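Here are a few quick notes on the packing in this one, jotted down while going through the model. Have a look at the structure first, then read on.

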Amino acid sequence: MPLTFCVFDIIYLDGHDLTGHTYLQRRRMLDDLRLHKPPIVISPYWTGIGTDAMAEIMRGLGLEGYVLKHAHSTYQPGRRSAAWIKHVVRQRSPMVVGGFIPSAGTHRGGLGALLVGAYDTNGELRYCGHVGTGMTQRTRASLMERLSDLQQPLTPFAAPIPELRGARWVRPTVVVDIEYRQFTGRLRHPALKSVLIDADSSGILLPPEG
């Protein structure tokens, strides 16, 4: 498997400690080395761009996020600094509810998690993960009432799907808006944002992976 070495900073050069230099100074020194050829990649950086615009760029590239760095910050090894702030970019996509897992414990019998998916290019509903966060008790109760009327004995998801203990299957007509960090065939860190009342479930396609 080919490997890529991604360089985003330089803190030592020709016997000199560069940690006391500003970020922009260090980046200019790094660029002057002209190391940008396989298997080395120099991480790009931008100045003069707002956080919203940067988030849209990262979202379009399918990347998880970015780091905001104060242009005049020094490198502080081993320390957290307010001059460097990591921002996670979250994606959003509609998903079809194909089942649910009842809750246990204090709210036993209520809605524990939604089992969601989307259609592939062959028209098969693919399982994408379970969503158990982002729901108020009122939303859980409303969804539970609605899904209870849609229950069916067999899963609507095309194989393969993981073993899901206690899963209840439903007709795939309910569509929800899901926020997530990344999609790799499965949703990473998904959360419910809303129920899309008038959405056509048959038109919900798998989001791009990455």
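**Notes on rings and core**

1. Phenylalanine 157 and tryptophan 169 are both buried. Keep in mind that this is a predicted model. Phe157 comes out at 5% relative accessibility, well within the buried class because the cut-off is under 20%. Tyrosine 127 counts as buried too, at 5% relative accessibility.

2. Those residues belong together: ring pairs link Tyr127, Phe157 and Trp169 into a cluster. The model has four aromatic pairs in total.

3. Trp169 lies in strand E11, so here the loop between E10 and E11 is tied to a part 12 residues away in sequence.

4. Now the largest nonpolar core, which has 33 residues; Leu114 and Val176 touch the most other members. Elements giving two or more residues include strand E7 (91-102), strand E9 (125-131) and helix H3 (137-148). Strand E8 gives the largest share, six residues.

5. What does Leu114 touch, leaving aside residues up to four places away in sequence? Its contacts include Val97, Phe100, Val131, Leu143, Leu147, Val176 and Leu192.

6. One last item: the charged end of Lys69 sits over the ring of Trp84, 4.0 Å from its centre.

Conventions: Residues are numbered from 1 along each chain as its sequence is written. This is a predicted model: local features need pLDDT of at least 70, side-chain atom pairs count only at pLDDT 80 or more; totals for chains, interfaces and linings use all residues. Side-chain values use heavy atoms; hydrogens and water are left out. A nonpolar core is a set of buried Ala, Val, Leu, Ile, Met, Phe, Trp, Tyr and Cys residues joined through side-chain atoms within 4.5 Å. Buried means under 20% relative accessible area, exposed over 50%, partly exposed in between (1.4 Å probe, protein chains only). Helices (H or I, at least four residues) and strands (E, at least two) are DSSP runs, numbered from the N terminus. Contact means heavy atoms within 4.5 Å. Rings of Phe, Tyr and Trp (its six-membered ring) pair if their centres lie within 6.5 Å; planes under 30 degrees apart count as stacked, over 60 as edge-to-face and the rest as tilted. A charge sits over a ring if NZ of Lys or CZ of Arg is within 6 Å of the ring centre and within 35 degrees of the ring normal.
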